[in-house]
Amino acid sequence: MDTMRTTALIMAGGRGERFWPKSRKSTPKQFLCLTNSERTMIQSTVDRILPLVQAEDIFIVTNEEYREIVRQQLPELPEENVLCEPIPRNTAPCIGWGAAAVRKKYGDAVMLVLPSDHLIRQPTLFRKAMQNAIRVAGETDALVTLGISPGAPDTGYGYIQYDTEQETGFPNTFCVKRFVEKPDLETARKYLASGEYLWNSGMFIWKSSAILRAMEAYLPENYALLREIEDAMGTDQAGLVLRNTFGRMKPISVDYGIMERADNVYVLPSSFGWDDVGSWLAVGRINPENEDGNVIKGDVVTVDSSRCIVQGGNKLIAMVGLEDIIIVDTDDALLVCSKDSAGKIKKVLEVLHAVNRTNLL
């Protein structure tokens with residue numbers, strides 16, 4: 001039997017508001033270099049999967065305003081593979097549209113569905129896990145996900161409970177019992193102690209036919225609209241139908257809409273140095289520290305300062321007597337906040353919007 005074609009759908013429509021002021025509406029975090037690498041987050045995502053997927057089979061779903069920056073950063077991808085949403089509708093419509101595009105082009109294929117802004121420290125192990133997941137998805141109709149073996153009782157991630165007893169017929173592959181939302185600390189500790197829970201990575205592997213059948217079963221109204229979009233693909237009416245149809249879809253995540261309801265979900269416990277790079281705190285985790293525990297980029301002088309994260313711009317930054325502080329400097333904005341307050345950065349954007357300083361968003 002011929003091996004089924006492997007494709008990838010990379011989701012790149014997020015705003016990255018927790019990375020303000022570097023991340024802006026015009027250039028969100030997936031298009032920035034947040035590590036020591038000179039490659040942006042989305043470029044690194046593509047680099048990781050190129051040994052598994054041909055460039056011509058990689059699709060990007062993003063917003064219309066990011067079409068040109070995607071083309072600039074990923075010139076090796078076919079222009080028609082850049083799918084631009086007319087309006088954001090969460091991940092289920094986004095993934096459904098990508099699956100419809102794959103079905104239209106190939107009939108059926110395995111799909112890797114990946115966020116554009118994750119860090120993988122051990123790409124070889126990542127590709128090995130993906131190869132195993134590709135095999136499972138190609139030989140079954142299961143909806144497959146990679147679960148990250150938890151290193152701590154983290155309250156910042158969703159969790160996946162899996163059945164360690166039920167056989168799936170594939171090595172290191174287990175049936176999912178349930179998806180659970182971000183827990184409190186005590187609950188997270190219980191999850192970790194049980195040995196039955198993994199972090200939800202938000203990475204999925206399935207055949208386009210499998211996910212579209214699930215869409216039809218669990219989100220039938222959205223599926224009907226996807227069929228309209230798919231039928232118009234390749235015609236001179238494609239853009240008009242997309243604009244008239246996509247915004248009518250129910251805005252719902254694929255986790256809520258499908259994964260939490262489906263009964264054919266498999267998970268592969270994995271460990272490959274994964275980080276979802278959710279805030280400036282992640283920059284401290286993923287980049288090397290100096291002898292004082294500071295993570296520094298740019299022209300920075302420190303005196304009696306430790307455990308700080310500093311992203312410099314065009315001017316010298318001098319720090320004296322500071323601990324556990326985040327400083328991010330750009331041409332038109334400067335952020336200074338404690339590490340404990342990193343989760344409140346989005347509130348700055350709310351204030352700027354309220355006072356009509358939208359040029360800084």
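A crossing of two helices is left-handed if the near helix is turned anticlockwise from the far one by less than a right angle, and right-handed if clockwise. In this predicted model, local features need pLDDT of at least 70, side-chain atom pairs count only at pLDDT 80 or more, and totals for chains, interfaces and linings use all residues. Residues are numbered from 1 along each chain as its sequence is written, and side-chain values use heavy atoms, with hydrogens and water left out. Helices (H or I, at least four residues) and strands (E, at least two) are DSSP runs, numbered from the N terminus.

H1 passes H4 in a right-handed crossing. The two helices pack at an angle of about 60°, with their axes 10 Å apart; axes are lines fitted to C-alpha atoms, for helices over the stretch in contact, and angles run from 0 to 180 degrees between N-to-C directions. H1 and H4 are therefore oblique to each other (angles under 35 degrees count as roughly parallel, over 145 as roughly antiparallel, 65 to 115 as roughly perpendicular and the rest as oblique). On the H1 side the contact (heavy atoms within 4.5 Å) is made by Asp 47, Arg 48 and Ile 49, and on the H4 side by Pro 123, Phe 126 and Arg 127. This contact has 3 nonpolar, no polar and 3 charged residues, where Ala, Val, Leu, Ile, Met, Phe, Trp, Tyr, Cys and Pro count as nonpolar, Asp, Glu, Lys and Arg as charged, and the others, Gly among them, as polar.

Helix H1 (residues 41–49) is largely enclosed by the rest of the structure, because 7 of its 9 residues are buried. Buried means under 20% relative accessible area, exposed over 50%, and partly exposed in between (1.4 Å probe, protein chains only). The buried residues of H1 are Met 41, Ile 42, Gln 43, Thr 45, Val 46, Arg 48 and Ile 49. Their packing partners include strand E1 (6–11), strand E2 (58–63) and helix H2 (67–73). In the loop between E1 and H1 lies Pro 21, which is joined to Trp 20 by a cis peptide bond with omega of about 5°.

Leu 212, Met 215, Glu 216, Ala 217 and Tyr 218 in H6 meet Pro 220, Tyr 223 and Leu 226 in H7. By class, the contact of H6 with H7 comprises 7 nonpolar, no polar and 1 charged residues.

In helix H11 (residues 345–354), the residues Ile 345, Leu 349 and Leu 352 are buried. Seen down the axis of H11, its buried residues fall within an arc of 60°, so they line one face of the helix; the arc is that of the directions from the helix axis to the C-beta atoms. These residues pack against helix H10 (280–286) and strand E17 (334–338). The face turned away from the buried side carries the exposed residues Lys 347, Glu 350, Val 351 and Ala 354.

Glu 85, in strand E3 (residues 82–85), counts as buried at 7% relative accessibility. Leaving aside neighbours within four places in sequence, the contacts of Glu 85 include Asn 90, Cys 94, Trp 97 and Phe 246. Asn 90 is in the loop between E3 and helix H3 (91–106) and has a positive phi, near 75°. Asn 90 is partly exposed, with a relative accessible area of 41%.
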